[in-house]
Every structure is written in structure tokens, then in C-alpha cells.
Amino acid sequence: MTIQNRCLLAFLVLFLFSSAVQAQEKIGKIPVKFGKVTPEDFNVNVESLDSSADAAVIADFGTTSFEGDSRGWFTLLFKRSKRIKIIKRAGFDAATVSIPLYVSGNSIEKIEGLRAVTYNLENGKVVETRLEDKSIFTDKLSKHFVVKKFTFPALKEGSIIEFTYTQSSPFLFNLQPWTFQGKYPCLWSEYQVEMPAFFEYVTLTHGFLPMNSSIMDTRHTNFNMILPGGAERDERFTYDDDVVTRRWVIRSIPAMKEEPFTTTIDNYLSRIEFQLRSYNFRNVPSKDIMGNWYSASESLLKDEDFGADLAKSNSWLDDSLRAITKGAGDNRQKAEKIYDWVRDNFTCTSHGSLYTSNPIRTTFKNRNGNEADLNLLLTAMLHHEKINADPVILSTRDNGFASEIYPLMTRFNYVVTRVRVDSSRLYLDASEPWLAFGKLPQRCYNGYSRVINEERPSYTILDPDSLTETKITLTFISRGGKGGLVAHVQSTPGFNEACVVREKVRADGEQAFMKKIQTSYSSEMAPSNLEIDSLKQPEQPLQIAYDVNITPDAGSELFYFNPLLAEGYKENPFKAAERKYPVEMPFSMDEMYSLTMEIPEGYTVDEIPKSAKVVFNDTEGYFEYLIVKGADNVQMRSRIKLKKATFKPEDYSSLRDFFAYIVKKQSEQIVFKKKK
């Protein structure tokens with residue numbers, strides 16, 4: 001079962017539970033009156049929810065309704081009011097508000113009635129400071145989004161801030177979502193939607209907090225509309241149908257704090273969102289809006305900003321591909337040559353695009369583009385050579401999970417290529433210079449993905465559990481002059497670490513990389529003689545080697561030495577006492593460190609750590625620490641193996657203890673004592 005399905009199952013359990021509970025208890029009413037703040041409101045107890053909070057949301061309330069408009073259709077009206085208490089100066093960032101607005105052609109969402117006020121208690125009286133219109137700014141984010149931004153005035157520790165606005169939208173697909181949980185704790189969060197019967201929306205619920213959900217009322221409503229008549233007189237008409245008001249409430253919401261090994265915290269925030277599925281007007285056949293993956297794939301492949309160029313002959317590629325594939329013996333060799341050529345000759349300007357920024361011929365000419373531009377060009381070039389290839393759309397790890405149930409294109413933000421050669425299916429991304437043929441960057445391994453093929457649309461799972469990062473480090477320490485030691489360290493990092501090293505060295509140079517190695521060693525150790533093999537050959541394993549001069553303190557009777565040098569875990573990556581959502585490592589791991597060390601001249605071994613082996617969850621991994629003293633040397637091996645990358649919240653405590661033991665064991669030292 002994928003992590004997305006596990007999350008869905010968890011939601012269903014919580015939903016059923018909360019539905020049963022809310023049948024037995026009344027949710028109650030929102031505990032504040034927006035627009036009126038009294039001295040008593042400054043005494044609200046938010047510390048009981050989180051004593052360390054820098055700010056807290058006292059109440060967040062939103063509604064969405066539909067109304068007939070002057071276009072002869074419907075407009076969404078979203079109203080929001082929010083009150084926040086600033087507790088500490090570090091919470092001032094809660095006073096900066098951004099409201100994204102969707103744009104398409106000449107249509108744009110609008111903000112009306114924006115009111116923002118800062119309240120301060122001075123000498124027992126409430127002093128109001130209103131936001132001025134000139135302090136509201138509009139920025140363009142992209143082709144389809146602008147954002148309204150403002151920051152509250154007159155901020156102090158202890159201030160109460162409150163804003164309210166109405167957002168009108170002609171885009172029925174953009175029924176506003178609602179996020180109950182965020183950076184700061186919240187006492188009350190409520191959302192209401194008045195849903196007419198003639199529109200069907202799918203409701204998607206996320207998070208692990210129990211949610212009170214109820215139907216407030218059902219009523220019959222008239223919608224008044226105006227159909228523009230152009231040169232003729234406008235036509236006014238009314239459409240009536242039932243409207244159901246749904247209400248969602250969560251109280252006493254803890255802040256969501258992001259922990260290490262999290263794809264994106266947005267996957268686990270308690271929130272609801274909506275997707276328009278169909279129109280269902282009386283006496284008219286139902287109209288499917290959402291579609292399915294067959295229609296979605298067909299639409300994408302006909303889209304000028306996605307796959308329209310793939311169906312063309314693209315004969316302008318003839319001469320270039322003849323030269324690029326020269327000497328290739330079969331389709332695999334052709335595919336490799338084409339991939340290498342695109343990777344090595346194009347610059348990726350950005351990552352995280354589902355659509356192209358230019359036609360592929362323009363991308364070919366300019367030698368740059370976003371990752372969709374480059375990988376769809378790659379797909380077209382493979383098609384030109386009669387090689388079976390399809391675009392694959394996915395959601396990167398920092399973008400959140402894609403929906404496994406519905407064809408929700410807004411959930412996808414990345415395009416790669418799948419090629420089939422020699423009965424193998426390989427995934428390609430030509431957007432990074434350090435990637436090898438058949439490899440994807442770790443950001444792509446986020447579960448559910450879609451292969452876009454008009455005849456055979458299918459899904460694939462890019463599962464981080466399928467990746468194993470294998471790292472081997474060999475250290476040989478021999479006696480040097482004047483009682484010192486010389487260590488020769490050879491490291492072969494796993495593919496993902498190798499990608500990081502290649503990118504850093506490409507960007508900053510080998511000298512900066514060596515300096516980083518030097519800072520990881522103590523002052524009595526001096527790394528030097530860095531060698532990096534296969535730096536510019538991403539198909540080959542990367543090898544890093546350097547020497548370390550080690551000088552024991554001549555004035556001390558004892559020489560304490562950590563056999564792992566700069567390797568190993570210095571601190572536990574899992575610090576929180578508990579965790580409510582999964583641990584999501586980017587890959588499973590197999591790290592092995594081996595040491596062969598001559599006993600320093602003039603010393604004997606006084607004490608060595610004990611060998612140990614700890615098993616994690618029976619068969620899911622282990623930590624091994626083996627050490628033995630010979631007549632004139634010490635040999636040691638440390639190995640950490642985890643056979644999967646994703647762990648359930650109930651595994652967190654065991655995982656935390658597992659790494660705590662590793663940190664403790666890897667910090668133990670060999671004690672050498674001077675001979676008498």
C-alpha cells in the first residue's frame with residue numbers, strides 16, 4: 001500500500017470517528033465577534049495550547065457561496081475573517097498576509113471590502129490602527145497568478161490583528177480550499193460552503209486531526225442572472241434549486257512543526273479542498289467536467305503547451321539526429337546518445353513545470369528551457385528515431401502527493417520521459433548535467449505518477465523504497481614520521497550523494513569542496529591531497545580520496561581516537577519526542593565504513609569499544625559495529641542498513657532509539673596509552 005493510500009485510510013478512520021462523535025455533541029458557535037475587540041479579548045488563553053508559541057490564531061472563519069452574475073452564469077463569493085494574537089516579536093511574520101488571485105485572459109479574481117486592523121491595549125483602552133489602502137501591494141507571480149500583499153501596522157508584542165475580505169471568482173473550478181492547521185496554534189477554525197445541487201464537487205480531506213463536519217441546513221434558493229444582450233436589451237432570468245450548507249470545524253489545533261525527513265508538511269496539514277466534477281442542471285444531460293485519465297491524456301497530448309509537437313514529424317530534426325546518433329548500433333545506444341546530447345547541450349532554466357514555455361523547435365534553437373521543455377524535446381527526438389517513449393507527469397516531493405483517484409492536473413508539476421528499449425523501461429530526466437541515463441533525481445520519487453499515452457494511459461509508482469543509497473568508505477591508517485599517523489580515506493558515495501557532490505564541485509570548485517572536508521575534522525588532523533575520480537562522468541561511480549595527517553598530543557599520556565574520523569552520525573536526526581506523520585527518507589540506505597589502522601609507534605591499546613549489533617524492527621534493518629585488536633593493528637567495521645525509506649508514525653519511537661544508539665556507539669573512542 002502506498003503512503004498516499006495509507007493517508008487516505010487514516011483519514012477515513014478519523015472521518016468516521018469524528019462523524020460519530022459530532023452526532024452526539026453540538027459543535028457550538030465561533031467564540032469571537034469579528035470587528036469588535038474589547039480589553040478582555042487580550043486575556044485570551046493561548047499559552048495553554050502551546051506555551052512556546054510566538055503567535056496564535058484566535059479564530060479563522062470562512063464561507064463560500066454561489067450567486068448569479070451579469071454574465072448569465074455563476075460567481076463564487078469567498079469571505080474570510082481571521083484574528084491573531086502576536087505573543088512575541090518572533091511572531092511578527094504572522095502579520096504579513098498574502099492572498100493569491102487567479103488570472104485567465106481578461107478574467108481575474110477580485111478582492112473587495114478588505115479591512116485590516118491592529119489592536120493594542122494602552123492604559124486599559126483598546127487603540128485601533130487601520131491598514132491604509134496605499135500599503136496594499138499587488139505582485140505578479142506567474143502567467144495565471146497575482147498576489148495581494150500587506151503587513152499590519154503598529155505591531156507590538158501582545159497586539160491583536162484582524163482582517164476580513166471578500167474574494168469574487170468567475171472560475172468555478174477554483175472553489176477555495178481551507179487549511180485548518182499551520183505554523184501557529186489555532187483555537188478555532190471553521191469553514192462553511194453553500195453548495196447548490198446543480199454543481200457537484202469532490203471534497204478531498206487531508207490531515208490527521210478529527211474534524212467536526214455537519215450539514216447546517218438545506219433550503220431552496222433563487223439565483224438571479226443577467227444574460228448580456230449586446231446591442232439588444234439584457235435578459236434577466238432566475239434559476240432555482242436546493243442549496244446545502246456544509247460546515248467544518250476544528251478546535252484547539254496544535255501548530256504543525258516540520259520534522260526532518262518530510263517530503264512536504266503540506267501533505268499532512270489538516271485541510272479540505274474541492275474539485276469540480278460535473279454540472280447537473282434540471283432537464284439537461286449531466287456534463288462531466290473532471291473527466292478521466294483517458295480524456296486527460298488525450299487533452300494533454302493535444303495541448304500546444306504540452307504534447308502537440310510530439311505527434312508531428314519534426315523533420316527539421318533530420319540532420320541533427322543523423323549526426324547525434326552516428327555510430328549507434330541499436331535503439332538503446334541511440335537513446336543514450338540522444339539523452340547525453342540533450343543533457344550536455346541545454347541549460348535548464350527552472351524545475352517544477354507541467355507545461356512548456358515554448359514550442360520544442362524554439363527550445364531546440366535557444367538551447368534552454370524548463371524541465372518540461374527539455375524532456376518533451378527529448379521525447380520528440382526519441383519518437384523521431386522510432387524509439388518507444390512517453391512523457392510521464394509527476395509531483396515532486398516538495399510539491400505534495402498527486403491524487404491516485406482523480407485526474408487533478410493541478411497536483412502535478414514535473415515532466416520526465418519513459419523510454420522502452422531492450423524490454424526495459426527506463427526513466428530519463430535531461431535537465432541536470434550530473435544525471436546519468438536511466439536515473440532520476442530524488443525529488444521525483446514521490447509515489448504516484450502518470451504515463452501520458454493516448455491509447456494506453458497508465459500509472460507508475462516512483463517509490464523511494466525502491467532506491468538504495470549504498471556508500472562505502474575505506475580508511476587505511478599507517479605510521480608516519482615523528483610518532484604521527486597518516487590516514488588515506490577512500491569513499492564511494494551512493495548515486496544521490498554523488499549527484500550532490502558533482503553539482504557542488506561544478507558550482508564552487510574542488511578547493512571549496514576540500515575546505516568543507518577540512519572543517520569536518522578537529523584541529524589536530526589536517527586533510528590534504530584531494531582526488532575526485534569520474535567527476536564529469538555521471539554514468540560512472542564517483543570516487544573521493546584524500547589524506548589526513550594525525551598528530552597525537554605528545555604531552556599527553558593517553559591518545560583518544562575516534563575510528564570513524566569525520567564519518568558517522570554526530571547527532572540524532574530525530575529529535576522530537578513523538579511524530580504524528582510518517583518519516584519519509586528519500587531512499588533506503590546501506591552505509592559501510594571500514595578501518596585498518598596501525599597502532600601508533602610508542603603506544604599500546606589501552607581500551608577499545610565493544611562490538612555490537614542492533615536489529616531494527618526484526619527484518620527492516622540493522623546497525624553493526626565490529627572491532628578487533630591485533631598484534632600491531634586495529635580493524636573496525638561499522639554498517640548501517642535500512643531496507644525501506646518510509647516509516648509509519650508508530651515506528652518513529654523505535655527509529656529514534658535506533659539512531660540514538662548509532663550516535664552513541666559511533667562516538668566511542670579507542671584509547672591508546674604511551675609505552676613506558
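**Reading helices, rings and buried side chains**

Q: How many of the 14 residues of helix H6 are buried?
A: A residue is buried under 20% relative accessible area, exposed over 50% and partly exposed in between (1.4 Å probe, protein chains only). In H6, 13 of the 14 residues are buried, so the helix is largely enclosed by the rest of the structure. The model is predicted: local features need pLDDT of at least 70 and side-chain atom pairs pLDDT 80 or more, while totals for chains, interfaces and linings use all residues. Residues are numbered from 1 along each chain as its sequence is written, and side-chain values use heavy atoms, leaving out hydrogens and water.

Q: What span should helix H6 have, and how far apart are its end C-alpha atoms?
A: Helices (H or I, at least four residues) and strands (E, at least two) are DSSP runs, numbered from the N terminus. The expected span is 1.5 Å times one less than the number of residues. For the 14 residues of H6, 371-384, this gives 20 Å, and the end C-alpha atoms are 20 Å apart, which agrees.

Q: Which residue caps the N-terminal end of H6, and which residue takes a positive phi just after the helix?
A: A polar contact pairs N or O atoms within 3.5 Å; within protein, one must be able to donate a hydrogen and the other to accept it, and residues adjacent in sequence count only if both atoms are side-chain atoms. At the N-terminal end of H6 the cap is Asn 370, with a side-chain oxygen 2.9 Å from the backbone nitrogen of Ala 372. Just after the helix, Lys 386 has a positive phi of about 60°.

Q: Which elements do the buried residues of helix H7 pack against?
A: Contact is read from heavy atoms within 4.5 Å. Helix H7 covers residues 495-508 and reaches 20 Å from its first C-alpha to its last. Its buried residues include Cys 499, Val 501 and Arg 502. The buried residues of H7 pack against helix H8 (510-519) and strands E24 (468-479), E26 (525-533) and E27 (543-550).

Q: How many disulfides does a search of the whole structure find?
A: A disulfide is a pair of cysteine sulfur atoms within 2.5 Å. The search finds zero. For Cys 499, the closest cysteine sulfur is in Cys 444 at 11 Å, too far for a bond. The sulfur of Cys 348 likewise lies 11 Å from its closest cysteine sulfur, in Cys 444, too far for a bond. Cys 499 is buried at 4% relative accessibility, and Cys 348 is buried at 16%.

Q: How many aromatic pairs are found in the whole structure?
A: Rings of Phe, Tyr and Trp (its six-membered ring) pair if their centres lie within 6.5 Å; planes under 30 degrees apart are stacked, over 60 edge-to-face and the rest tilted. The search finds 56 pairs. Phe 346 and Phe 364 have ring centres 6.4 Å apart and planes at 55°, so their pair is tilted. It links distant parts of the chain: Phe 346 lies in the loop between helix H4 (331-345) and strand E17 (347-348), and Phe 364 in helix H5 (residues 360-366), 18 residues apart. Phe 346 and Phe 364 are both buried. Elsewhere, one aromatic cluster has among its members Phe 66, Trp 73, Phe 198 and Tyr 279.

Q: What does the side chain of Asn 120 reach?
A: Asn 120 lies in strand E5, residues 110-122, and is buried at 6% relative accessible area. Its side chain reaches the backbone oxygen of Ala 154 at 2.9 Å. A polar contact of 2.4 Å also joins the side chains of Asn 120 and Ser 159. Beyond its neighbours within four places in sequence, Asn 120 has contacts including Phe 42, Val 127 and Lys 156.
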